[in-house]
Each structure stands twice: as structure tokens, then as C-alpha cells.
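This report is meant for someone meeting the structure for the first time. Please keep the sequence and the model in view while reading.

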Amino acid sequence: MFKFRKQAAQAKRKIPAAQASSFQWRKSYNWIFLLVPIAFAGYYLSRMDEILPIRSIQLAGTFEYLDQGEIEQALQPFIGQGFFSLDIYQMQRVLHEKSWTDSVSVRRVWPDRLRVTIIEKKPVARWDDRHLLSDRARVYEADSGAFGHLPIVYSASHRPDWALRQYHALTARFASVEERVVALRIDSRGALDVELINGLNIKLGRQDVERRIDRLVSIYEQQILPRREQIQRLDLRYSNGFAVAWKQEALQGSDKASLWSNSNV
């Protein structure tokens, strides 16, 4: 009786063993089905450049200063690269090397085309003899001699965005007395030097600039405007007044009593 039960138990133990063997075989067989499409996909991706090459690039944008022919030449090496494998960031870097490029966007158009949109920088001022300043406060290399109609905004030590903000603030203040700022120069110490369209130079210094402008604006129409053609420079770097430098022709043949002295006024 005991022997019979032992044999039955052994028979029961053999059944799971057979099932386990069958399961392992099926498991290995399933892995084969998984590996085949993965291998096929890898082969397909390795030949993607040949299967889906870029055949055309559509260039968009209004170019006033950028040379379109130069841009097309820069994009030529990207023709024939894979639709998916193309390095868009590399293309953007190449186009950003052009001094007039402000922003670049690249979009893939299925199945074999790219759309490249370029926005040019908008110059608002001359920085120096070889650089311009854009409306986004970016200094870039350009022939500034061809932009003589733009004002000069230059800072020897401050950031361009700070200098541009100062220019806009001064432009608004002098517009209240119907004058236009044509140059703002900021030296290494941060002192502001302003030139108006009539050639009048105004030294504002680097401290209490707003208060000094308020003082000038308050007397400009009554005391400065009637004599502005005779004044060469105003120096506002005084606590209780300002100094006047007269043009040489204004001093010759004039009654000195009718002119302010070059001391504090």
C-alpha cells in the first residue's frame, strides 16, 4: 500500500517537470519572434539615409541684409542627409554663424523636405565703427558706416542691454522738450555722455542721473533752447547747477555780460 502511494507520488512529480520543459522551449521560441523585428528595425535604421534622404530645403524669411545665396550654400551639405538622422542643431549653429542671423527654426516636412525659417537682426543703433546693436541688445559685426542714420549707443564696461535701456529712457525724457538723442556713450566708470541732434553735448556723469535730467528739463525751454546754437557743451556734474561751454563764435564779438560764464550756473 505504501509502495503504491510512493509510485503515484513519483508520477505526479514527473508531470510538472514535463510541463516545465515545454514552457522553457516555448519561452525561447517566443524570443526568436521578438529578435527578428528588432534586427530588421536596426537594419532599416542603418540605411535610413538611403531610404529617406532630404531632397529639398525650403528657405523662408525676408532678407534685407542676409545674402540668400550665401545661406543656400551653407545649407547645401545637408541635402541628402537622412530625414530622421539629420542633426538640426548643427544646421542651426551653421546659420547662427552669420552675423545678421537673429533666430533660426527648422521643421521636417514628410517625407523628404525641410522648412528653414530665418529672422534677421533689426539694427537700432551703431555700437562702434565695426558693430551694430540690435533691438534685442545684441552687438554684432557689420559695416556700421552704411548706417549713419542710426544713433550711437556704446558702453565700455556695461552690458549692451543696460546701455540700450538707458538710451530709450533718455530718448523719452528729451522728447518732452522736442529734442532727439543721437548718441549715448558710457565710459569705463559708467559716466553718461549724451549728444543731441543739434550737436549739443551733455555730460550727465554716473550719479543722480535722473535728478540732473529733471533739473535740465525744467529750465530747458526758457534758458537753454533760446541759446542752444551758441552752446557747445553742458556739464551737469554739479550738485547745485551746471557749467556751460560756449562755442567760439558765440564768444567773439559778444557782450560777455549777456552770456553765462563757464562757471556753475
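Throughout this report, contact means heavy atoms within 4.5 Å. The structure is a predicted model, in which local features need pLDDT of at least 70 and side-chain atom pairs count only at pLDDT 80 or more, while totals for chains, interfaces and linings use all residues. Residues are numbered from 1 along each chain as its sequence is written, and side-chain values use heavy atoms, with hydrogens and water left out.

## The chain as a whole

The protein chain holds seven helices and 12 strands, where helices (H or I, at least four residues) and strands (E, at least two) are DSSP runs numbered from the N terminus. Of its 265 residues, 35% count as buried; here buried means under 20% relative accessible area, exposed means over 50%, and partly exposed lies in between (1.4 Å probe, protein chains only). Among the contacts in the protein chain with a separation of 6 or more, 44% come from residues 24 or more positions apart.

## Two helices side by side

Helix α5, residues 160-175, packs with helix α6, residues 209-224, at an angle of about 20°, and their axes are 10 Å apart. This makes α5 roughly parallel to α6, since angles under 35 degrees count as roughly parallel, over 145 as roughly antiparallel, 65 to 115 as roughly perpendicular and the rest as oblique. The axes are lines fitted to C-alpha atoms, for helices over the stretch in contact, and the angles run from 0 to 180 degrees between N-to-C directions.

Which residues of α5 and α6 make the contact? On the α5 side they are L170, R173 and F174, and on the α6 side E210, I213, D214, L216 and V217. These residues divide into five nonpolar, no polar and three charged, with Ala, Val, Leu, Ile, Met, Phe, Trp, Tyr, Cys and Pro counted as nonpolar, Asp, Glu, Lys and Arg as charged, and the others, Gly among them, as polar.

## Q92 in helix α4

Q92 is found in helix α4, which spans residues 88-96, and it counts as buried because its relative accessibility is 18%. When residues up to four places away in sequence are not counted, Q92 touches V104, S105 and V106.

## The loop between β5 and β6

R136 is found in the loop between β5 and β6, and with a relative accessible area of 47% R136 is partly exposed. Its side chain is joined to that of D102 by a polar contact of 2.6 Å, a term for a pair of N or O atoms within 3.5 Å; within protein, one must be able to donate a hydrogen and the other to accept it, and residues adjacent in sequence count only if both atoms are side-chain atoms. R136 and D102 are 34 residues apart along the chain, and their C-alpha atoms are separated by 9.0 Å.

A137 also has its place in the loop between β5 (131-134) and β6 (139-141), and A137 is buried, with a relative accessible area of 16%.

## Backbone details

Most residues other than glycine have a negative phi, and most peptide bonds are trans. Phi of A137, however, is a positive value near 60°. Phi of E178 is likewise positive, near 60°; E178 lies in the loop between α5 and β8 (181-186) and is exposed, with a relative accessible area of 73%.

The peptide bond from W110 to P111 is cis, with omega near 5°, and P111 is found in the loop between β2 (101-109) and β3 (113-120).
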